[in-house]
Amino acid sequence: MLKTSIQTRHNDFLQNRKTEKRRILSTQLLLLGLFFLSWEILSRMEWIDPLIFSMPSRIAELFMEKSLDGSLLLHTSVTLSETIIGFLLGTAGGTFIALVLWWSTFLSRVLDPYLVVLNAMPKVALGPIIIVAFGPGIPSVIAMACLLSIVITTLVVYHAFQQVDENYKKVLLTFGATKKQLFQYAVLPACYPTIISTMKVNVGLAWVGVIVGEFLVAKQGLGYLIIYGFQVFQFRQVMLSLIVIAVLAAFMYKSIEALESFLIRRSRKK
Amino acid sequence: MLSLQEIEKIYFTEENAVEAVTDISLSVEDGEFVSFIGPSGCGKTTVLSIIAGLIPPTSGRILMNGTEISGFSKETGYMLQEDYLFPWLTIRKNIELGLIITGMHNEDTVEKTMSLLAQLGLGDKADAFPSELSGGMRQRAALVRMLAPEPSLLLLDEPFSALDYQTKLKLEDLVSHTLNSQQKTAILVTHDLSEAIAMSDRIFLFSTNPGSIYNVYQVPETFRRMLPLEARNHPEFHPFFQRIWKELENVENQHPNTP
């Protein structure tokens, strides 16, 4: 008797949560719809300048047009691959440098002020130098994306390596572990959560680096579409590129989140 | 047999050099269980870390069965105050880690270790994560991890101090029984005098500033071989406890600066 009442209460509770979720999702969709609708109306009524702000229907037209002739796919894939490569290089490179610093206390003390300066410095200011060094093309764009995230990754991950509880290392040392084993079995796994969270930050930074890089040098890519559209006053194209970037960046961020929850579920399986 | 000869350890800091322990000479027979007790700051853990090879002595020698050892030795196992099982590994993986690092990981040793795990009542927990186990269970798993590479000398650094009283008494019996049946030599560092008396054959009392051996006590024959819980109930336990307690107080009063 009591048990059935708990069961019904639990069902009620689940039902409530479902309704709540549905309300949130429908409000979110409504907001999105309202945004595009009012954009369309305001632009058609010429309350905002249609030349500058364009309107969703025209952007959709352009989207169809550029999808059919394959150019959107080309530009998107160039930008996306630059971003992914820059992101991977930045994250892996930063983690690797953090490993080197962890390995050699001497080196980490020597390099400390340089890292501080590099970190504080706005990396985008190095743009011209990067272009000269890597040539006006895709390598420069990737270098920009990588540079933006590598320093902060190094600092954050190195700090995490240092914060690993000494006692975990002590456990391994009592078995006669080498430095490599300490890193492999204690330090690195203890820092996976930190590495994943820097990955989330790096996704954003890689996008910034790629778009700025494309502004500066590219002949292809979404950043190029933006800057070109701006120069020839084709704001339809600018808006389209912005929307594509927003969707892709959100998608990448969500993938990292999915990876995170997968890894955490695997290590803290209940 | 383990013997320490005139071990000395000095810690250096920016301000000064502190003599942590000085002139520590002692020997422990095979199969013997000894305890180090003393006020905090008496260097008992420092001596244990030196034996484990975790820190080098400033001077002095450590001999194991007649040969000098420096640094890590396969013959020693170390148990910390808390279990420090890696939370991202299952109990099985945690325990196998000791075998992997010592290079002894093979089917034979794994099987032996798993049967020891079962003996200690954790057979069904092998694939659980540490967070799913109680404090006592985790410390038992840590005991298995230490015993897996079959060390002959066990160094126990207050392994029961983080447990509640009842779990602690049970685990004392279990450790005592397990070590006895495997004929291990053990050194226990503790701040709990009755634990030291209940578990050991001999007790080294340390004094502070600098840490040195103040006195050595032979635990009475009458309850020395008993399990800790039985020993605690033996009529001669308390008189012996009182005797050492007084000396412990003397040691602490010698140095009123230390709490």
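Strand and helix names here are DSSP runs numbered from the N terminus, with at least four residues for helices (H or I) and at least two for strands (E). Before going on, keep in mind that this is a predicted model, where local features need pLDDT of at least 70, side-chain atom pairs count only at pLDDT 80 or more, and totals for chains, interfaces and linings use all residues. Residues are numbered from 1 along each chain as its sequence is written, while chains are lettered from A and ligands numbered from 1 in the order in which they are written.

Back to that pairing. E7(B) and E8(B) run parallel, joined by 5 bridges; two strands count as paired if DSSP finds at least two bridges between them. E3(B) also pairs with E8(B) in the parallel sense, over 4 bridges, and there Phe36(B) has Val189(B) as its partner. Which way do the side chains of E8(B) point? Thr185(B), Ile187(B) and Val189(B) go one way, Ala186(B) and Leu188(B) go the other, and all are buried. Buried means 20 or more other C-beta atoms within 10 Å of a residue's own, exposed means 12 or fewer, and partly exposed is in between, with C-beta atoms placed from the backbone. Since 5 of the 5 residues of E8(B) are buried, the strand is largely enclosed by the rest of the structure.

Zoom out and you get the sheet itself: 6 strands of chain B in the order E6-E7-E8-E3-E9-E10, open, with mixed pairing. E6 and E10 (212-218) are the edge strands, each pairing on one side only. On average, neighbouring strands are turned by 20 degrees against each other, direction ignored. At the E6 end, 4 bridges link E6(B) to E7(B) in parallel, with Gly77(B) opposite Leu154(B).

Helices pack on this sheet too. H1(B) touches E3, E6, E7, E8 and E9 of chain B, and its direction makes about 145 degrees with that of E7(B). H9 (residues 237-254) of chain B touches E9 and E10, at about 20 degrees to E9(B). The axes behind these angles are lines fitted to C-alpha atoms, for helices over the stretch in contact, and angles run from 0 to 180 degrees between N-to-C directions.

Now the domains, whose bounds come from an automatic or database domain assignment. Chain B splits into domain 1 (1-73 + 152-160 + 178-259) and domain 2 (76-150), with C-alpha centres 26 Å apart. Where they meet, 10 residues of domain 1 are in contact with 8 residues of domain 2, contact being C-beta atoms, placed from the backbone, within 7 Å. On the domain 1 side, E7(B) gives the most, with 5 residues. That side has 7 nonpolar, 1 polar and 2 charged residues. Here Ala, Val, Leu, Ile, Met, Phe, Trp, Tyr, Cys and Pro count as nonpolar, Asp, Glu, Lys and Arg as charged, and the others, Gly among them, as polar.

Met146(B) is worth a stop. It lies in H4 (residues 135-147) of chain B and touches Gly77(B), Tyr78(B), Met79(B) and Leu154(B), leaving aside residues up to four places away in sequence. Met146(B) is buried because 23 other C-beta atoms lie within 10 Å.

Asn209(B) and Pro210(B) are joined by a cis peptide bond, with omega about -15 degrees. Asn209(B), in the loop between E9 and E10, also has a positive phi near 50 degrees without being a glycine; with 17 C-beta neighbours inside 10 Å, it counts as partly exposed. Tyr84(B), in the loop between E6 and H2, is another non-glycine with positive phi, about 45 degrees, but Tyr84(B) counts as buried, with 22 C-beta neighbours inside 10 Å.

What about chain A? Its assignment gives domain 1 (2-48) and domain 2 (55-267), with C-alpha centres 33 Å apart. The contact between the chains takes 16 residues from chain A and 17 from chain B. On the chain B side, H2(B) gives the most, with 3 residues, and the residues divide into 12 nonpolar, 4 polar and 1 charged.

Technical notes
Two residues are in contact if their C-beta atoms, placed from the backbone, lie within 7 Å.
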